[in-house]
Amino acid sequence: MSTNQFADQPWYIWAEHVVVILGAAYVARKLLKGGLVNNITRLTIDAAQTLPGAKQMLEKQQEEAIKDIQKQIFAETEADEYIMDEIPNEGLPSEKVMEILEFWRNKEEGYRTGKAFGGIYTDYEDVEELEKKALALYCDSNGLYPTTFPGLRKVEAEVVRMACNLMHGNAETCGTMTSGGTESILCAMKTYRDRGAAEFGVTKPEIIIPESAHAAFIKGAHYFGYKLVYAKIRDDWRVDLDDVRRLVNANTVMVVGSAPSFPHGVIDDIEALGDILKDHPQAGLHVDACLGGFILPWLQQLGHLKKDFDFAIPRVTSISADLHKYGFAPKGASVVLYKNNSYRKHQYFSYLGWSGGLYCSPALQGSRAGGPMAGAWAVFVHMGKKGFHESASHYHAAFTTILSGVNSIDGLHSIGTPDACTIAYSSDDLDIYKVADAMLKRGWTVNRLQKPRCIQLQVGSRRN
């Protein structure tokens, strides 16, 4: 029988204690990160699934949860006498068509009460009426044909230029309008993959994203063959700079920072990310400002935000920003902006060998709806800086009121200190998802998040 010949040595005993202490510290850090209660709950659930009958019980609970969700979504459908599963033999009169559509549009009561913000970011009726007219005027136009629709070419170019100037760009800063944040992000990912291959010979591209980054980057990695590399999040829910510094390498063609992150509303340290990449010319620094791109600049100008996040930071090479959020444009409008055309040229696709002729497209879509482009231009020109300052003031008042209100309620606390757009909050004492259920019954719309378990409000601008 073999024995450990060093077991009685003082140095060996000391080393054993060090290993145990370090191991315990690592486990404690993992447990505490994201909340001790949340992590113990997760571990308990994972362990419970191994018990006899536990899996069946959890599956039953999942079925009940799915039924509850279906009930919420389809609660009104049973009363609908016009369920269209086939194109009708004889069309309905236009008045009847509009009656059906207006009936369902009037079901959207949450955001009108001030208890729901997500998806609709303002209640400015004059803005809504104007963008409806612009949408209608350009509803049949197509950005794929710039010579056929010169007016559309004008509004896209001017929206991009106004966005570049708003985000501290210069004469070389350029970009493209897209259909939304996901397309803007995917365009940037296509750009950096192709740039890395063409200019630096990178054949196995990697992208570094914070653990809190938007899921569109995960989708893009799947589409474009990236190796997806996650950077850790610090205790303040911002990206861990030391971890990014450790992860970046010669295959890294894209590093992402959020402004702000969708889950927690915090802005990553973009300037510090730029410093990390000074010696890595193959890596572009992309700022995901899909959520905050058209509110953060106004907050800066009003003195409510002191952080830089855009082209004011020299190392930033691209930005994605949604016009249909705080830019109040019709849905389906976003921009992806680049430091200069040496980046943007890699976004374009062209094919010369098609029997249908020369095929070129600037973004992912072929046909590109003109209505949202025209609507975005109309809102910018109508509101002006004065109007956006006013809307930012309304937004800021709502944001600070909700944040202080959450933190003043016994048993609730915000997740970190959010900078803008969203407020996530949780509890060490309560099941926060049950709080969300209770809020839903009272007419509030909240998002249920995980890692950690919390709920979240998106904050828009409301005159009322």
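The structure is a predicted model, in which local features require pLDDT of at least 70 and side-chain atom pairs count only at pLDDT 80 or more, whereas totals for chains, interfaces and linings use all residues. Residues are numbered from 1 along each chain as its sequence is written, and side-chain values use heavy atoms, with hydrogens and water left out.

The secondary structure comprises 14 helices and 13 strands, where helices (H or I, at least four residues) and strands (E, at least two) are DSSP runs numbered from the N terminus. Of the 464 residues in the protein chain, 43% are buried; here buried denotes under 20% relative accessible area, exposed over 50%, and partly exposed the range in between, for a 1.4 Å probe and protein chains only. Among contacts (heavy atoms within 4.5 Å) with a separation of 6 or more, 67% are made by residues 24 or more positions apart.

The largest nonpolar core contains 76 residues, and those with the most contacts inside it are Met177, Leu273, Phe294, Leu296, Leu323 and Val335. A nonpolar core is a set of buried Ala, Val, Leu, Ile, Met, Phe, Trp, Tyr and Cys residues joined through side-chain atoms within 4.5 Å. Helix H13 gives the most to this core, with twelve residues. A second, separate core of 24 residues includes Cys187, Ile209, Cys290 and Tyr338. With neighbours within four places in sequence left aside, Leu296 is in contact with Ala259, Pro260, Ile267, Leu305, Phe309 and Ala420.

Strand E7 (residues 334–338) is mostly covered, five of its five residues being buried. Ser334, Val336 and Tyr338 lie on one side of E7, and Val335 and Leu337 on the other. Strand E1 (residues 174–178) pairs with E7 in the antiparallel sense over five bridges, pairing being assigned if DSSP finds at least two bridges between two strands. Within this pairing, Val336 of E7 is the bridge partner of Thr176. Strand E6 (residues 318–322) is likewise joined to E7 by five bridges and runs antiparallel to E7, with Ser334 of E7 as the bridge partner of Asp322.

Ile208 belongs to strand E2 (residues 206–210) and is buried, at 1% relative accessibility. Residues up to four places away in sequence not being counted, Ile208 touches Val229, Ala231, Val244, Leu247, Val248, Thr252, Met254, Val255 and Val256. One of these, Met254, is 46 residues from Ile208 along the chain, yet the two C-alpha atoms are separated by 6.5 Å.

Helix H5 (residues 125–137) has 13 residues and reaches 19 Å from its first C-alpha to its last, close to the 18 Å expected at 1.5 Å a residue; the expected span is 1.5 Å times one less than the number of residues. Val127, Glu131 and Ala134 are buried in H5. Viewed down the axis of H5, these buried residues fall within an arc of 55 degrees, so they line one face of the helix; the arc is that of the directions from the helix axis to the C-beta atoms. An α-helix has 3.6 residues a turn, so residues three or four places apart point the same way. The cover over the buried residues of H5 includes helix H13 (370–408), while Glu125, Lys133, Ala136 and Leu137 are exposed on the other side of H5.

An open sheet is formed by four strands in the order E10-E11-E13-E12, with antiparallel pairing. Strand E10 (413–414) and E12 are the edge strands, each pairing on one side only. Four bridges join E11 to E13, and Gln458 of E13 is the bridge partner of Thr422. Ser426 is located in strand E11 (residues 422–426) and is buried, with a relative accessible area of 2%. A polar atom of the Ser426 side chain lies 2.9 Å from the backbone oxygen of Arg453.

In helix H14 (residues 432–441), Ile432, Ala436 and Met439 are buried. These residues fall within an arc of 60 degrees seen down the axis of H14, so they line one face of the helix. The buried residues of H14 pack against E11, strand E12 (447–449) and strand E13 (454–458), whereas the face turned away from the buried side carries the exposed residues Lys434 and Lys441. H14 is followed by Gly443, whose phi is positive, near 95 degrees.

Notes: A polar contact is a pair of N or O atoms within 3.5 Å; within protein, one must be able to donate a hydrogen and the other to accept it, and residues adjacent in sequence count only if both atoms are side-chain atoms.
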